[in-house]
Amino acid sequence: MTAPKDRPQPASNDTALLQGQDSWQLAAIDLGSNSFHLLVASYRDERLSVVTRCGEKVQLAAGLDSRNHLDEAAIKRALTCLERFLPYLEGVARSRLRVVGTSALRTALNRQSFVTRAEALLGCRVEIISGEEEARLIYLGASQTMATNGRRLVVDIGGGSTEFIIGDPAGPLLLQSLDVGCVTHTRRHFSDGTVNEANMRRAEADVLARLEAIQANYRELGWSEALGSSGTIKAAASVLAASGGKPGVITRSGLQTLRQRLIECERLDNVTLAGLKPDRSRIFPAGVAILGAIFETFELTTMNYADGALREGVLHDMLTCAPLQQA
């Protein structure tokens, strides 16, 4: 796990900047493999309050070619998205803005081409964080919404990677990031645009094989509650709720029914389900295949959606690693 001394620290003059202010703003940008997200919050009386929350499908991972180079179209989509974020950052000092890139940028051999242009546009550093650091920050973000005091398994299915964390109220105990995501898995197993029993099974088998290396350690440590964060799990919970399920809860039986409904759609272009946003429909079958394999590997019966993930973790980490004092 990343040591505190390795984490980025707020600028040394931040305290001076805050003198005389009753409240101030800080922000996080998550450069995900599927979506980019911006979260701006105000900090007052030791509490964070959301000012702006927005996201946009960029599908950066879809722009990776066979040589793991980002194509120019994907880079332009990404920069255009960041340009749209700029007006929301006018009240945020750049020393209190943290921008993190994840799986697609970890993979891209030409990432510096994008990073240089993004840093010039935003006026701050862009970090490409490790999978382990991503998992740590996800747990920190998800833990802000957790009421339980027991040990938890937190799963986050992203566009290019999936993170697995076991932790308790004191912090994460076990961290792992696997190179399996809903965008990359769509390219790998649903590239012909069809959804059928055969490619669902192949997609699930791929994940099951990758999980073999970590399942023993996770099951040995154990947990009392399973939680999921981010888009795929939020979408699955929303679709199940729209068909009569309990809001925010994914059950194994509900997931199996959802899997069959997707197969009946036959093609990615036909995936239209109540509760599912249209811009997620083409990558949703891959996400459900990943989630189904996770349920099977860890013998889960239910998973609760946690409304907190990487970007929330980034904000809390900025405060935790070197809290800023007001006058």
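By class, the residues that line the largest pocket are 10 nonpolar, 18 polar and 14 charged. Please keep in mind that this is a predicted model. The volume of the largest pocket is about 820 Å³. Which of its 42 lining residues are the closest to its centre? They are H37, S230, G231, R280 and R311. Several elements give two or more residues to this lining: strand 2 (35–44), strand 3 (47–57) and strand 6 (152–157), together with helix 5 (131–143), helix 8 (231–242) and helix 11 (310–321).

I turn now to the aromatic rings. A pair of aromatic rings is described by the distance of the centres and the angle of the planes. How many aromatic pairs does the count give? The count comes to five aromatic pairs. In one of them, F164 and Y218, the ring centres are 6.5 Å apart and the planes stand at 75°; planes over 60 degrees apart count as edge-to-face, so this pair is edge-to-face.

F298 sits in the loop between helix 10 (284–297) and strand 11 (302–305), whereas F164 lies in strand 7, so the pair ties together parts that are 134 residues apart in sequence. Like F164, F298 is buried. Taken as a group, F164, Y218, W223 and F298 are linked by ring pairs into a cluster.

Helix 10 consists of 14 residues and spans 20 Å from its first C-alpha to its last, close to the 20 Å expected at 1.5 Å a residue. Why may helix 10 be called largely enclosed by the rest of the structure? Of its 14 residues, 12 are buried, so the description applies. The buried residues in helix 10 are F284, P285, A286, G287, V288, A289, I290, L291, A293, I294, F295 and T297. Just after helix 10, E299 adopts a positive phi of about 50°.

Thank you for your attention.

Notes. Residues are numbered from 1 along each chain as its sequence is written. This is a predicted model: local features need pLDDT of at least 70, side-chain atom pairs count only at pLDDT 80 or more; totals for chains, interfaces and linings use all residues. Side-chain values use heavy atoms; hydrogens and water are left out. Rings of Phe, Tyr and Trp (its six-membered ring) pair if their centres lie within 6.5 Å; planes under 30 degrees apart count as stacked, over 60 as edge-to-face and the rest as tilted. Helices (H or I, at least four residues) and strands (E, at least two) are DSSP runs, numbered from the N terminus. Buried means under 20% relative accessible area, exposed over 50%, partly exposed in between (1.4 Å probe, protein chains only). The expected span of a helix is 1.5 Å times one less than its number of residues. On a 1 Å grid over the protein atoms alone, a cavity is a set of points where a 1.4 Å probe fits but cannot get out, and a pocket is an open set with protein on both sides within 12 Å along at least five of seven lines; lining residues have an atom within 4 Å of a point. Grid points are joined across faces, edges and corners, and a volume is the space filled by probe spheres set on the points. Ala, Val, Leu, Ile, Met, Phe, Trp, Tyr, Cys and Pro count as nonpolar, Asp, Glu, Lys and Arg as charged, and the others, Gly among them, as polar.
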